Amino acid sequence: MNEPAVRVENLVKRYPTAVAVDGISFTVPRGVTAALLGGNGAGKTTTLSILLGLLLPSAGKVQVLGEDMLRHRYRVLPRMNFSSPFVDLPHRLTVRQNLLIYARLYGLRARHQRIEQLASDLQISAFLERPAGKLSAGQKTRVALAKALLNEPELLLLDEPTASLDPDTGDWVRGYLEGYRARTGATILMASHNMSEVERLCSEVMMMKTGRIVDGGSPRALIDRYGRTNLEEVFLHIAREPRSMVPVS
Amino acid sequence: MRIMRSEFRLSLGRVWAMLLRYLYLLRSSWPRTLELLYWPTLQMLIWGFMSQFLYVNSSYVFRAFGVLLAAVMLWDVLFRGQLGLSMSFLEEMWARNLGHLFVTPLRPYEWVLSLLSMSMIRVLLGTVPAALLAIPLYHYSIFAIGLPLIAFFAALLMMGWALGLAICGLILRQGMGAEGLAWTVVFTLAPISCVYYPVSTLPSWLQHAAWVLPSTYVFEGMRTVLFSGVFRADYLISAVALDIVYLVLGATAFFLSFHNARRRGALLQMGE
């Protein structure tokens, strides 16, 4: 259990016309909530996609929960999950049908009990029989979270978990994630633009810019290092700094 | 919480999960279910009445009454086999669902098995009612062909799967711009499959092309059974052998395209 939840070494993703990830290295210890921060095109989603096995890197090593993700991803996929408000569940199936199918894909035995339990926890019982395409943004986010928690993942990857949510729902989701991590000891790695969210949830932050990690540490340490009052100011400082940032590993 | 953690083992549970998804989709839209039944039945009606007309106006086609109807129904097995596979595949593209599916332990070959299973269900749903309806309408039963019918059915279904896999591979590689191929490619093979006429009707140079299609052997074999009551095992063996070659090629194209999509990051982006 001393292995970090995520270990990335010299990761590169090169496309014919651009370099999306440019030799990044980082680790995420087990049981923490960490964030990849950066502007649009910084390489956050690309990095998450590689960690999920959806995208093959051009070079580098990726180890997730002690397994080489590039060679043995099927050993580790049952132990992790993913949620993004930008990837909807199929619209025409009901919420229950969607969850049932994913529960089967994860090989869960007590599927119906698990769905009922998550529906109760995430307050989605009222619309379990509704087509997923007819939910509000807040409802969709909670359903996506239910799908992501079906297999009680040891590693949960989240892409902008509270994007397009009203402040109340966003706060509720953040509270739920904090509770989940505290209860299960899971590791959460998120990509986010929401600085206050990251300050609240995360103990580790990696600042990305043009495919590189340009700084990292706890939110408090970053704020102190840049002499700012909050993480948003640090983010703006880094985003507007021309090319002087030295990548860190 | 017990979870299967094996690396390469095929899980019928995951195949069933995907099949269940396509069955839910089919059930969620009655127009789509109706569409499954509509074309085969309509084709059977048109060709059935045409056959009845020819029955009283031509001594040759008198014997061909069943040949035309059987050809119509068997052609639908090939067409529906390919389309049934491609449609389930396209459902995932339209729903932009690959990003969800392939962060689960689902293997690409398990997905393919579910697509093949759904294709067979769609074929049976489309063709069996039409075949049954022909019995009271025209006093003609395609089931009278007997065991060879099962062999013809299997050979055409396999060819439909091979085509479907190749087309899905092309869509994975080229994106949704290639979607139209799912609806049209099979029709380009109809003239040289010799569905309604013998291969000898074709010019000799085109006959060479016809004999590389499994469907040509099936329709020739079907006519032999219906005209002379002889089952040509050599035709069936040739059809199945070609099917195996095309299935291997189709599956290879599909899996290479899938791997390529992972390299390009298309699994998250693929959609309308």
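These are my notebook entries on a predicted model with chains A and B.

**Entry 1: the contact between the chains.** I looked up which residues make the contact and found 30 residues from chain A and 32 residues from chain B. I then asked which helices of chain B each supply at least two residues of the side that touches chain A. They are helix H1 (12-28), helix H5 (98-101), helix H11 (233-264) and helix H12 (266-269). H1(B) gives the largest share of that side, nine residues. By residue type, I noted 15 nonpolar, nine polar and eight charged residues on the side of chain B that touches chain A.

**Entry 2: the nonpolar core.** I looked up the largest nonpolar core, which has 154 residues. Leu157(A), Leu69(B), Leu74(B) and Leu156(B) have the most contacts inside this core. Helix H7 (residues 147-174) of chain B contributes the largest share of the core, 17 residues. I then took Leu157(A) and set aside its neighbours within four places in sequence. Leu157(A) is in contact with Leu48(A), Leu51(A), Leu52(A), Met80(A), Phe82(A) and Leu189(A). In soluble globular proteins, nonpolar side chains tend to be buried together.

**Entry 3: a sheet in chain A.** I traced an open sheet of four strands in chain A, with the order E2-E1-E4-E5 and antiparallel pairing. Strand E2 (19-28) and strand E5 (67-68) of chain A are at the edges; each has a single partner strand, so one side of each is left without a neighbour in the sheet. Within the sheet, I found that strand E1 (residues 6-14) and strand E4 (residues 59-64) of chain A run antiparallel and are joined by five bridges. For Glu9(A), I recorded Lys61(A) as the bridge partner in E4(A).

Note on methods: Residues numbered from 1 in each chain as written. Chains lettered and ligands numbered in written order. Predicted model: local features only at pLDDT ≥ 70, side-chain atom pairs only at ≥ 80, totals over all residues. Contact = placed C-beta atoms within 7 Å. Nonpolar A, V, L, I, M, F, W, Y, C, P; charged D, E, K, R; others polar. Core = buried A, V, L, I, M, F, W, Y, C linked by C-beta atoms within 7 Å. Buried ≥ 20, exposed ≤ 12 C-beta atoms within 10 Å, placed from the backbone. Pairing = 2+ DSSP bridges.
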